[in-house]
Amino acid sequence: MIKGKNPYPFETIALAVSFSPGLPSLVTEMKRMCVLHESLAIFIHVGKKTSDKQRELTFLLSSNGFHDGNSRIYWEQGDIVTSILQICKHEVVDLIIVGASEKENFDLPIGQIATNIATKAKCSVLVFTGSSTGSLKKIVVNGIEHKKTDLTILTSLYFAEKENTESIFISDESGITSYEDRSNDNIPPTLKKDLFIFKEAIEKSKVKINLFSLSGEQCESISDYAFKNNADLIVTHSSEHMLLIFDRISSHDGIDALLKKLPCNLLVVHSRLIE
């Protein structure tokens, strides 16, 4: 059962396997993530299963400590996105990792497959740009008011604790620069709903939490701010699957827009809210 399940912890992590030059670094990152989160690993490749591919993947997985006891491999045929999402649903995956090649990180649109997974998945998605294999020290979070913001911020705190992150920067329009300065009157409506849970998470967190306003920073988007501040990860909420076309186009911080100007890794948090 996926609907209604909390977006974290990441008990099951999947990797979309593409036999490209970036596969070794993706498997290494997958291992790092699975160790951090004590997760079961799911590897999914959609395409013809050949002896060469099987040999390459077996070598990479065994070299990184994956075996039958802590991982499963799926070789699928059919539409790539549909097949991957079906396996994620079957395995009740909490997080799927997809890779982005270096040339797709900045000015050029990211691959259509990765875009479709990031916007259609019913679990959280980590778009990995190849800049990690160590902890993520600086995280930028999309905190603009939205019904999914609460769980997005809580998930970013969970993720930051696991990563031993130094600082989290959350976009906010109140003009306050620290959560320590907030009173009940200054807390955005999105956070009031689960105020106790949120305050408890803040108090327990060892991560330094900062607020910023995009307009105050003279940035048009979260991507601009992350690039300007050398962030390692952007965190945002998942797409509204029933959004009107106009809503998708007009959102400066929509997932499609982020992927077309992505300066670092991107975590799309799917809150699994029952609508």
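These notes go from the sheet to the helices and then to single residues.

**Ground rules.** I am working on a predicted model, where local features need pLDDT of at least 70, side-chain atom pairs count only at pLDDT 80 or more, and totals for chains, interfaces and linings use all residues. Residues are numbered from 1 along each chain as its sequence is written, and side-chain values use heavy atoms, with hydrogens and water left out.

**Sheet.** I traced an open sheet of ten strands with mixed pairing. The order is β3-β2-β1-β4-β5-β10-β9-β6-β7-β8. At the edges I found β3 (71-76) and β8 (208-212), each pairing on one side only. Neighbouring strands are turned by 20° against each other on average, direction ignored. Strands (E, at least two residues) and helices (H or I, at least four) are DSSP runs, numbered from the N terminus. Two strands pair if DSSP finds at least two bridges between them.

I then checked one pairing. Strands β1 (residues 12-16) and β2 (residues 40-46) run parallel and are joined by five bridges. Thr12 has Leu40 in β2 as its bridge partner.

**His45.** Where is His45 found? It is in strand β2. His45 is buried, at 7% relative accessible area. Buried means under 20%, exposed over 50%, and partly exposed in between (1.4 Å probe, protein chains only). Leaving out residues up to four places away in sequence, His45 touches Val17, Phe19, Lys53, Tyr74, Trp75 and Glu76. Contact here means heavy atoms within 4.5 Å.

**Helix α4.** Axes are lines fitted to C-alpha atoms, for helices over the stretch in contact, and angles run from 0 to 180 degrees between N-to-C directions. Buried residues of α4 include Ala114, Asn116 and Ile117. Among the elements that cover the buried residues of α4 are α3 (80-90) and α10 (255-260).

**Helix α5.** This helix has 15 residues and reaches 21 Å from its first C-alpha to its last. That is close to the 21 Å expected at 1.5 Å a residue, where the expected span is 1.5 Å times one less than the number of residues. Is α5 mostly covered or mostly open? It is mostly covered, with twelve of its 15 residues buried. Among them are Thr149, Leu154, Phe159 and Glu163. Asn164 follows α5 and has a positive phi, near 60°.

**Rings.** My search of the whole structure returned seven aromatic pairs. Rings of Phe, Tyr and Trp (its six-membered ring) pair if their centres lie within 6.5 Å; planes under 30 degrees apart are stacked, over 60 edge-to-face, and the rest tilted. Tyr8 and Tyr158 are stacked, at 5.1 Å centre to centre with 20° between the planes. Why does this pair tie together parts that are 150 residues apart in sequence? Because Tyr8 lies in the segment before β1, while Tyr158 sits in helix α5 (residues 149-163). Tyr8 is partly exposed at 24%, whereas Tyr158 is buried at 12%.

**Last look-ups.** Lys31 lies over the face of Phe66, 5.3 Å from the ring centre. The test asks for NZ of Lys or CZ of Arg within 6 Å of the ring centre and within 35 degrees of the ring normal. Ser63 is in helix α2 (residues 51-63) and is partly exposed at 48%. The C-alpha atoms of Ser63 and Val27 are 9.6 Å apart.
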